[in-house]
Amino acid sequence: MLSRLFAPKVKVSAHCDLPCGVYDPAQARIEAESVKAVQEKYQANEDADFRTRAVLIKEQRAELAKHHVSVLWSDYFKPPHFEKYPELHQLVNDTLKALSAAKGSNDPATGQKALDLIAEIDKIFWETKKA
């Protein structure tokens, strides 16, 4: 009797965990832009204290960018997206690896590589929103 009482009355499904509009690659892009900007500022400044702080901020921002990319992969993108865009798994993996490389480097080229890959995810993301 309790199982009937608590059984769902209506079965629903959605393509993402929350109503659309909460996921956006812009969050990852903004953090990755910060990573690259800090890398550039690091290169332009010889002060040891400044550089220490820059590294700390860059590493935090890279982790945030990785988090946002991971959330897109695990919470937004669903099997139909991976079927339509078979490169998506590898693209997300490459992006996470690029962000890790940028986290461990003060070369702005590593930050730019991460930004370029995030732009590819962004393109696919917005194509899925049209569907």
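Is R29 buried, partly exposed or exposed? In this predicted model, R29 has a relative accessibility of 36%. R29 therefore counts as partly exposed, since that class lies between the 20% and 50% cut-offs. Its salt-bridge partner is E33, and the closest N and O atoms of the pair are 3.0 Å apart. E33 is partly exposed as well, with a relative accessible area of 37%. In general, an α-helix has 3.6 residues a turn, so residues three or four places apart point the same way.

K36 and E40 meet through their side chains in a salt bridge, at 3.8 Å from N to O. They too are four residues apart in the helix, so the separation is again about one helical turn. E40 has a relative accessible area of 40% and is partly exposed.

Helix α2 itself has 18 residues. Other positions of α2 are buried: A26, A28, E31, A32, V35, V38, Q39 and Y42. The cover over these buried residues includes α3, α5 and α6.

The structure holds seven of them. One joins E63 to K103, with the closest N and O atoms 2.8 Å apart. This pair links distant parts of the chain, as E63 sits in helix α3 and K103 in helix α5, 40 residues away. E63 is partly exposed, at 35% relative accessibility. K103 is also partly exposed, with a relative accessible area of 25%. Through shared partners, salt bridges join E63, K66 and K103 into one network.

Helix α6 runs from residue 108 to residue 130 and has 23 residues. From its first C-alpha to its last it reaches 33 Å, close to the expected 33 Å. D107 caps the N-terminal end of α6. A side-chain oxygen of D107 lies 3.0 Å from the backbone nitrogen of A109.

The largest nonpolar core has 22 residues. Within this core, the residues with the most contacts are V69, L72, F77, L88, L99 and I121. Helices α2, α3, α5 and α6 each supply at least two residues of the core. The largest share comes from α6, which contributes seven residues.

Leaving aside residues up to four places away in sequence, L72 touches Y23, D24, P25, F77, I121 and F125. Two of these partners, F77 and I121, are also listed with L72 among the core residues with the most contacts.

Methods:
Residues are numbered from 1 along each chain as its sequence is written. This is a predicted model: local features need pLDDT of at least 70, side-chain atom pairs count only at pLDDT 80 or more; totals for chains, interfaces and linings use all residues. Side-chain values use heavy atoms; hydrogens and water are left out. The expected span of a helix is 1.5 Å times one less than its number of residues. A polar contact is a pair of N or O atoms within 3.5 Å; within protein, one must be able to donate a hydrogen and the other to accept it, and residues adjacent in sequence count only if both atoms are side-chain atoms. A nonpolar core is a set of buried Ala, Val, Leu, Ile, Met, Phe, Trp, Tyr and Cys residues joined through side-chain atoms within 4.5 Å. Buried means under 20% relative accessible area, exposed over 50%, partly exposed in between (1.4 Å probe, protein chains only). Contact means heavy atoms within 4.5 Å. A salt bridge is a side-chain nitrogen of Lys or Arg within 4 Å of a carboxyl oxygen of Asp or Glu.
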